[in-house]
Every structure is written in C-alpha cells, then in structure tokens.
Amino acid sequence: MRILLIEDDPMIGKGLRQALQDAAMSVDWVRDGHAGSEALAVGEYALVLLDLGLPGMSGIDILRGSRKAGNKTPVLVITARDELEDRVSGLDLGADDYLVKPFDLRELLARVRAVIRRHSGQADSIIRNGDIELDTASHALSYRGSTQLLSAREFAVMRALLERPGTILSRSQLEEKIYGWGEEVESNAVDVLIHYIRRKFDKDIINNVRGAGWSVPKDRA
Amino acid sequence: MSLRRTAFLWFAGLMAVVGILAAATSYWLVRGEAAVFLDSQLRQVALYVGDAPDSPALPNVVEHDPEDDFLIQVWDATGHTLRNSDPAIGVERRGRTGFMTVSESGEDWRVFTLVTPLRTVQVSQRIQVRQELATEAALRAALPIALLIPLTWLVLSWIIDRIMVRLNRIAVAVSHRDPLDAQPIPVEGVPAEILPFVQSINQLIQRLRALIERQRRFVSDAAHELRSPLSALQIQIGNLRTANRDPRLEDLLADMDAGVRRSSGLVGQLLRLARYDADAVKPTDGQIDLTAITLACMAQIAPLAEQKSIDLGIVRKDTAQCLGHAADFGVIIGNLIDNAVRHTPVGGAVDVAVIRDGEAVTVEVADNGGGIAPENMPRIFERFFRAAPQETEGSGLGLAIAKAAAERNRATISVENRMDGPGLLTRVRVAAR
C-alpha cells in the first residue's frame, strides 16, 4: 500500500513516514507543493496525506487542481485548527477526511485505514470513533483492546451514540432508537442498558451529562 | 497654568494698566484745563460787569446754590464801593490787576482784580466750587475710559476663547480616541503653530502602531513556529510508544505525551489570543443557538468530568437564540465549563444553565469548588494569571481568551463567588435575538 505524504516540515514528515512504515505502508514523501502536485498526478497511491500550509503551492490548490483533473485518489488533510477555521472546511474542497494538528498517531492511523477501506469499496461494517470500534454485522464492540458482543438493544444504543459522536442524545432520543412503534417503553430502560455497557467495558466509554443525556466523545484519543 | 489663563492675565493686566493711565492722564489734564477755563471766566466777568449798585431782583428761575455764585465787587477811583453782589462777604480790595488766591472769612477764594483809572473791579470765586467743577469735568472725561477696561476684558476673553477653541478641538479629538486606535490625528484645521506638535504625535502613534503590530506578530509567529516541532514531537512519541516493548517505559512515555499535549494546547491558546488581538472584530455574525453550543461544549468536557467523578449537569435549557460567531461562543462557554470542572475537587458538581430572561440570554456555570479569593478577583482576566493552586492544570489564559472572544461578540462575562455556598459562578450574557 503506497501513501503519498506531502508535508514541508522535516520533523513532522519524518515522524509520519516512520509511523506509516511501522504500520506496513510504503511512503513517498515530498516536501513542497509543486512536487506534491506532480507526484499526485503521475503516481498510483492508495491515499494522500496532505498538509495545507506548503511552500510553492498551497495544499488547497493541490487538492482543487487534482479534483478538477478527475483524480479520485482519497485525500486526508492534516492541518492546524486555525488554518481550518480561516478557510472553508477541508471536506468542502473534496478531501475525504481531515485531522487537526497536533493529533494522536493512533487516531491518524485509524483514519487512514478507514478512508482507504471506504474508498476501496469494501463494505465497511465497522463504525469507529477514536478507540471504539463497533461492528455493525456481528454486534461486536471493541474498546481499548477488549472486544465483547452486545445485545440488540445495547447495540442500538451504541450505534446511535457513535453515529453522532460529541453530540448528547437525550433519553427520549435514545428510546426512539431502541424501541419500535407500539413497543412499551420501560421507564429506566436506557439507564439500565448504559449501565450494562459501562460494566462490560469501562465507565468512561459513555459520558453522562445530567439533565441532558449521554454521549461518546468526539475524536477521543 | 493654562495658556488661556496666562494669555488672559497678561493681556487683561496690560489693558488695565493702559486704561488706568489713560484715565488718570485725562483726569489731570481736564482738571488743569478747567482751572484755566474758570480763570478766563473770572476775567470775562470782570471786563463786562456794569456799575449798577445792584442787579434788579430777578425771579429765581434756575435752582442753584448761592455758594456757586461769583462774588462781584466794584469800587470807584476813590475806593467807594459801587457794587457788591453779596454784602455779607467782602474780599479785600487788591491794588493790582491780576489773579490771586486769597483766604477770606475762612474760605479760599480765587480772585481776579481789574484796576483801571476810573474803577476797580474784583471778581472772586470759591476755590472749593472751582475744585468741584474741575473734578466733575475730569471724572466725566476719565469715566468712559475706566468703564472700557472691564469691557475690554470681556472682549479679550471672547477672542482668546475663539483662538483656544481650535486647540480644544484637537484636545477633544485626542482625548476621545480609543487607546488602541492607530489612526493619525487629522491635521486639517490645526493652527500652524501647533501643527509640528500634532505631527510629532502622529509619528509617535505610527511608531507605536508598528511596535504593537510587531509584538502581535511575534506572539503569533512564535506560536506558529512552536507548533510544528511540538506536532513532530508528539508523532515521534507516538512512534516510540508503538515501538516500545518495555512496560516500564510506558508510564514515562505517557507522561511525555501529556506534556507535549499540554504545550500544544498552550500554543493553540496563544495563537487564538493573538488572532483575537489582531482582528478585534469577528468575521461574520450568524443566528446561533446557545443551548446547542452549550450542550456540545458539555459533551466535549464530559470525559474529563467523568474522570474526576464530577457530576456535570444542565439544569435549565431555555430557547436561547442570539447573534454571534458560533466558534467564538464555543470557546467562551467551553472555557467557563472547563474551568469549573478543572477547579472543582473530585466528587464535586457543576451545574450549567441556559437562561433567557427578557432581552438577554445568559449561560451560567456554577461549581461547588473553592471559589476565588477576593484579593485575586480583580486579576482573573489577566493573561497568565492563575488563581488556582499550581497543581491544577491550566495556563491562565482561558478567561483572557473567553473575555476577548466575548468582547468581539458584544457579550459580557462575569465571575463571582457563589452566595449560596462555596463555589464559583460564572456567566456569559448576550442580547437575545
């Protein structure tokens, strides 16, 4: 699997190349915008890791040019938050995903794998958020190295939460996800289900905000 | 002393001295002239007076004081009195033609004697009357000048005011300036005399502006430059953790990782603050929902609260629409809740409330931690000031950032110790929409 890394900072580039090689990927590393644009045009890559602030030609211009030329190589943008805030969201420009610097390496690798998998057309049955992985086919949930099967209702709760990480879902919102029409809702069913999930893994897998509901944190490292 | 006062005092003094001298001079001149005039009157009377022993009794047409009358005496060659206008008084007959001043019956008289071979005419006038007449004339001459002195003061004051108004205009323009306003003071209409002064101030402002700009850019550049090595360091620590097979190193690496993260966080805060300083006006306003933003912030902070077993909850969720920049309000509310969770001891509680009251929306964050010592209250918005004990993680920039973000969104932040028990109550308040 070949990855194109376009990053001008030597220290970051070196660290990323090392990390990707450790994860059994081969890496072509270019350090300026023009070289990056050319490499992207001629090479066959599984993924491009693109820094936005580049000498010669900005990452946004590379992205725009490549998409205009019909290049469909998946692009994961790595950028500083303020650069992201200053410009339009990287996703609007045709990037497949973006990651804010500084980031956690595990997070980066998970995103890289997810983008590649999604792009290669493999039916991705796994919903990921940080170090949580939920297999929608087998109802297996992995959290920090522990994998266990969830009951149908536990699965429904986790799926609802993982679909919108960082968003607090209220009791009634969760109940809607768990129960079908006409099914009788037990008063404390959601609390019981969350209690079970927390007991199976760790209590911090789901956060409770009193008066609001439950959430899984976004981009948890 | 002000220029206006100095100028007024000098000019007013000068005018007063000139006026008094002019008045005094005319007084003395008129007095002297009056004496000459009265003397010639005496002589005139002496030349044309008749010999009739007495004037026919005239009706007393004009009210007058007999004291004011001349005393007219006529003698023939032998010294026989032909005429005496007031027999009660007699001024002794003189032998020579000419003026004299004599004392007679306890009064001073001015006397003119005209001696001819046929008769002697003597006309006398009381000195006191003459002096009264002279003084009166002199005063009439001096009075207008004396009256003009205060009038000139008024005019002078008005003229100086008119001149000073132009200076005042500049002074007001300068005093009403925003301390951060880097625009030069306009030089149109500035008097030529103080133009160099205003120009110097403008140069100073320009230099100051450049200095501030350089300072801002330095902070921003420094933070930018720090960010890359910190990111690289974090990546390398990640690589190290992946490669590491020694469980003894795991804790050390985790500590290093936490340290780098904290530094990165600080750099991010510095950048944010530098950006707020650079453009105090936010880019765009939008209709935002403070309840939604508050809930998103709470979801973000929930893991930390969970970790510290802090009961984080929302107690009121009013519909709270306002105008503003969503990211800025995320920063403000996030900082307030983050502070509360960080500074509340393990097992504490943090209550958040979104309240719509009338025309305003308030997001309140109440904790039951230690609060802030009253002596530290005035400094809490200072950059890098930390009211909390050093073991609490934090940079001392959170509230400064929140305040800067609030200012560009016309929101206010207040921080106070709770009245109903230990703990801190922070609020952000903004006009509802």
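In chain A, E4(A) is joined by 5 bridges to strand E5 (residues 97-101), and the two run parallel. The model is predicted. Within the pairing with E5(A), Ala80(A) has Lys101(A) as its bridge partner.

E4(A) also pairs with strand E3 (residues 47-51) of chain A, again in parallel, through 4 bridges. Here Leu76(A) of E4(A) has Leu49(A) standing opposite. A right-handed β-α-β unit is formed by E3(A), helix H3 (residues 59-68) of chain A and E4(A).

| Partner of E4(A) | Residues | Bridges | Direction |
|---|---|---|---|
| E3(A) | 47-51 | 4 bridges | parallel |
| E5(A) | 97-101 | 5 bridges | parallel |

E4(A) itself spans residues 75-80 and is mostly covered, with 6 of its 6 residues buried. Val75(A), Val77(A) and Thr79(A) point one way from the strand, while Leu76(A), Ile78(A) and Ala80(A) point the other way.

Chain B contains 7 helices and 12 strands. Of its 433 residues, 26% count as buried. Among contacts in chain B with a separation of 6 or more, 66% are between residues 24 or more positions apart.

The contact between the chains takes 29 residues from chain A and 32 residues from chain B. On the chain B side, the elements giving two or more residues are helix H3 (195-243), helix H4 (247-278), helix H5 (290-307) and strand E7 (311-317). H3(B) supplies the largest share, 13 residues. By class, this side of chain B has 16 nonpolar, 12 polar and 4 charged residues.

Definitions and conventions. Residues numbered from 1 in each chain as written. Chains lettered and ligands numbered in written order. Predicted model: local features only at pLDDT ≥ 70, side-chain atom pairs only at ≥ 80, totals over all residues. Buried ≥ 20, exposed ≤ 12 C-beta atoms within 10 Å, placed from the backbone. Contact = placed C-beta atoms within 7 Å. Nonpolar A, V, L, I, M, F, W, Y, C, P; charged D, E, K, R; others polar. Pairing = 2+ DSSP bridges. Right-handed = clockwise from strand over helix to strand, strands pointing away.
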